[in-house]
Amino acid sequence: MNKNRRDFLKTASLMSLSGLLATDGLFANGMKAKPKSIGLQLYSLREDIKGNVQGVLESVASIGFKKLEAANYDNGTIYGMAPSAFKDTVSSLGMEMRSAHVGGPRGYSKETHNEAMDWWKKAADDHAEAGATYLIKPSMPIPKTLDELQVWCDYYNQIGEVTGDRGLMFGFHNHSREFEKIEGQIMFDYMLDHTDPNLFCMELDVYWCQEGGYNPVDYLKKYKGRFPLLHIKDEKEIGQSGKMDFKAIFKAAYAQGMKDYFVEVERYNHPPMESVRQSHDYLAQANFVK
């Protein structure tokens, strides 16, 4: 056997070993690969978590989730716990609460503006104490006119000033109806075009965007930097429907500056915790997810 042949076989063997180690999640020096920072919107387990916050959080941590988005703020508590206590509980399990869905005071008008701002100041203080970075409004009434929508955009900018003073970014989470047109303009686009990027962001729910008739990749490319957060969602478990091009979505999301993403499962083929587990595993095994 000549030298070139021996060198080739040696190199091939090393490459094969490297591939096996990578498959096992190990580097050649024996160090484990860095786990993916997969987040979970806890609304996915909205029934399970009632009366069993500690148990559900322990299960979520054991699955491998690293980041959380809460969806239960009421009278200064998060899942019935003081903000600092919730932060300590989550931290003790090796996770962090990066974001929270907060509905805000019921309704809004110029007459109730000061009262609404006081509410948001309290919510921002509490979520800053809990360690959050983002405060997201999960839904809103659909205005009938662009003038009405502009009132909401101005309101959101003002909330963004309040949260920004406390170290949090304020934003909005879409459903499909925000892609309907108001006076000939797509509501979602109008909101992006009439809010301050320094004060207001969008958490793009990729499934609802697609259900609204638009490709989420197109929005990620068009409005670069406006989507620090994404909801990774499917009809049921992530990847279940085959309708969502998650590879293209993640590529575009990273390119435009995504900071965090959260799995959300609203409907299930299995018990909710199992559906959440399968969704996590789908992303953990995907080579396009960090």
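Buried means under 20% relative accessible area, exposed over 50%, and partly exposed in between (1.4 Å probe, protein chains only). Keep that in mind as you click along.

You are looking at a predicted model, where local features need pLDDT of at least 70, side-chain atom pairs count only at pLDDT 80 or more, and totals for chains, interfaces and linings use all residues. Residues are numbered from 1 along each chain as its sequence is written, and side-chain values use heavy atoms, with hydrogens and water left out.

The theme today is salt bridges (a side-chain nitrogen of Lys or Arg within 4 Å of a carboxyl oxygen of Asp or Glu). The whole structure holds eleven of them.

**First stop.** Select Lys-67 and Asp-260, whose side chains form a salt bridge at 2.6 Å, N to O. Lys-67 sits in strand E2 (residues 67–70) and Asp-260 in strand E12 (residues 260–264), 193 residues apart; helices (H or I, at least four residues) and strands (E, at least two) are DSSP runs, numbered from the N terminus. Lys-67 is buried at 14% relative accessible area, and Asp-260 is buried too, at 1%.

**Next stop.** Pick Arg-166 and Asp-125, a salt bridge with its closest N and O atoms 2.7 Å apart. Arg-166 is in the loop between helix H5 (146–164) and strand E7 (169–173), while Asp-125 is in helix H4 (residues 113–129), so the bridge ties together parts 41 residues apart in sequence. Arg-166 is partly exposed at 26%, as is Asp-125 at 39%.

**Last stop.** Show Glu-211 and Lys-243, which meet in a salt bridge at 3.2 Å, N to O. Glu-211 is partly exposed at 38%, and Lys-243 is partly exposed at 40%.
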